[in-house]
Amino acid sequence: MDVIKSVTNYIKNTDLYLVAIALLCSAYGMVLIYSATLNPASWQDGSTRNLFIQGAAIILGLGAFVIMSLIDLETMSGWWKIFVLINIGLQMLLFTPLGTEVNGQRAWLDLGVTSLQPGELGKLIFIFTLAAHISEIKEHISEWRGLFVIALHTLIMMAAVVIASGDTGMAIQYFMIALIMLFAAGLSLKWLAIGAGLGVVSIPILWNFVLQGYQITRILVLFDPSIDLDASRQATYGKIAIGSGQMTGQGLTHGTMTQMQLVSENHTDYIFSVAGEELGFIGCMLIIGLLTLLILRLFYVSYRASTTFSSLLAVGVGGMFLFQTFMNIFMNVGLLPVMGLTLPFFSYGGTSVLTMYAALGIAAGVRMREKPSWLQ
C-alpha cells in the first residue's frame with residue numbers, strides 16, 4: 001500500500017504536462033522514423049530494429065525523468081566545481097579506446113551494447129554547474145569580475161567539447177545555453193550588446209584560424225551550392241523534400257525522396273524533412289506547435305520556481321530545447337549550415353532521447369519543489 005501511495009503522490013505532484021507533451025512528440029517521432037527507415041535496401045532489418053531501439057530509449061528516458069525529478073539538485077549545488085571536473089573528464093573519455101568515430105566525427109563512446117555521446121550528457125551537467133555558479137555570484141553578475149568567471153566557466157567547457165570531439169555545433173549549444181541563463185539571471189543588456197559586438201569582430205579570427213575547411217564550405221554552400229555539390233547535396237535535397245510536400249504532403253511512407261533515401265540522415269538530423277515531404281506544412285506545424293508548448297511550459301516552471309538556482313535550472317533546460325529546435329529546423333530549411341543537431345524527441349538516437357527526458361526530469365523536480373501559490 002505504501003508503494004501505491006508513493007506512486008500516487010508522485011503522479012499528483014509531478015508535471016504531467018511535460019510528460020504528456022514529450023510522449024506526444026516521441027510518438028510522432030516514432031511514426032516519422034518508421035517511414036524514414038522503411039526501405040530495406042537502405043536499412044538492415046528495416047524499421048523494426050530502429051523502432052525497437054528508439055522505444056527502448058524512450059522507456060529508459062522515462063525512468064531517467066523519474067530519477068532526476070526526485071533528486072534535489074539544490075542540495076548538491078555547493079559541489080558544482082567538482083561536477084565541472086567530472087564533465088571535463090567525461091568529454092576526455094573520447095581520447096580513450098572507448099572513443100569511436102561515427103559519420104567522420106569522433107564524438108561517441110562505444111560501450112559495447114550501445115554508444116554514448118558525452119557532449120549530450122555534458123549539457124545537463126553544464127546547466128547544473130552554471131546554475132549553481134550564477135546563483136553563487138548573482139549580485140555581481142553584471143560586474144566585469146562576475147561576468148568574467150562565468151565566461152571562463154563556459155569557455156572551458158566549450159573548449160573541452162571541441163578538443164575532445166571537434167564538435168563545434170555542440171560547443172555552440174553550450175554557449176547559447178549560457179547566454180539564455182545569463183539573460184534570465186538579469187545580466188545587463190550593456191554586456192549583451194558588448195558581447196554581440198565582440199562576436200562580430202571575432203568573425204575574421206574564427207574564419208581564418210578556428211573553423212576547419214569543411215565547416216567553411218558548409219557555410220559557403222548556403223549562398224552558392226555550386227561551390228561544392230557534394231557538401232550542398234544534403235541541404236538542397238532537404239529543402240526540396242520539404243517544399244514538395246506542400247500543404248498536406250505526399251502521404252506517410254509515400255514521400256519520393258524519403259523512400260529513395262536521397263536525404264542522408266533523414267531519420268536523425270533531417271527528420272523534419274520527412275515530416276515536410278510526407279505530411280506537408282500541416283505536419284511541420286504540428287512539430288513546431290508541440291515543441292513550442294513544451295518550451296513555454298519549461299519557462300513557466302522557471303517563473304514559478306522557489307529559488308534562483310531552481311529557476312536557472314529550468315530556464316537552462318528550456319533554453320537548450322529552444323536553441324536546438326531553432327537550429328535543427330533552420331538547418332533543414334537551408335537557413336543555417338549543417339551542424340549535426342537532432343530535433344528534440346523526434347530524431348532517432350538513444351543518447352539524445354535519454355538526455356531530453358532526463359532534462360525534463362530536472363525541470364519536473366523544480367516544479368515539484370516550488371513554493372505554494374500563497375507564498376509566491
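Guide: In this predicted model, a nonpolar patch is made of residues with over 30% relative accessible area and no salt bridge, their nonpolar side chains being joined within 5 Å.

Visitor: Which residues form a nonpolar patch on the surface?

Guide: Trp144, Phe148, Val149, Leu152 and Ile156 form it, and together they have about 480 Å² of accessible area. Of these, phenylalanine 148 lies in helix H6, which spans residues 144-165.

Visitor: Why are H5 and H6 called roughly antiparallel?

Guide: The axes of helix H5 (residues 118-136) and H6 come within 10 Å and cross at roughly 170°. Angles over 145 degrees count as roughly antiparallel, and therefore H5 is roughly antiparallel to H6. The crossing of H5 past H6 is right-handed.

Visitor: What makes H2 roughly antiparallel to H13?

Guide: Helix H2 (residues 16-36) and helix H13 (residues 271-304) have axes that come within 10 Å and cross at roughly 165°. The cut-off is again 145 degrees, so H2 is roughly antiparallel to H13. By class, 20 nonpolar, two polar and two charged residues make up the contact of H2 with H13.

Visitor: Is the crossing of H2 and H13 left-handed or right-handed?

Guide: H2 and H13 cross in a left-handed manner.

Visitor: Why is the pair of arginine 297 and aspartate 15 called a salt bridge?

Guide: The closest N and O atoms of arginine 297 and aspartate 15 are 3.1 Å apart. A salt bridge requires such atoms within 4 Å, so the pair qualifies. The structure holds four salt bridges.

Visitor: Which parts of the chain does this pair link?

Guide: It links distant parts: arginine 297 is in helix H13, whereas aspartate 15 is in the loop between helix H1 (2-13) and H2, 282 residues apart.

Note on methods
Residues are numbered from 1 along each chain as its sequence is written. This is a predicted model: local features need pLDDT of at least 70, side-chain atom pairs count only at pLDDT 80 or more; totals for chains, interfaces and linings use all residues. Side-chain values use heavy atoms; hydrogens and water are left out. Axes are lines fitted to C-alpha atoms, for helices over the stretch in contact, and angles run from 0 to 180 degrees between N-to-C directions. Helices (H or I, at least four residues) and strands (E, at least two) are DSSP runs, numbered from the N terminus. Angles under 35 degrees count as roughly parallel, over 145 as roughly antiparallel, 65 to 115 as roughly perpendicular and the rest as oblique. A crossing is left-handed if the near helix is turned anticlockwise from the far one by less than a right angle, and right-handed if clockwise. Ala, Val, Leu, Ile, Met, Phe, Trp, Tyr, Cys and Pro count as nonpolar, Asp, Glu, Lys and Arg as charged, and the others, Gly among them, as polar. Patches are made of residues with over 30% relative accessible area and no salt bridge: like charges are joined within 9 Å, nonpolar side chains (Val, Leu, Ile, Met, Phe, Trp, Tyr) within 5 Å. Accessible areas come from the Shrake-Rupley method with a 1.4 Å probe; for residues, only the protein chains shown count as cover. A salt bridge is a side-chain nitrogen of Lys or Arg within 4 Å of a carboxyl oxygen of Asp or Glu.
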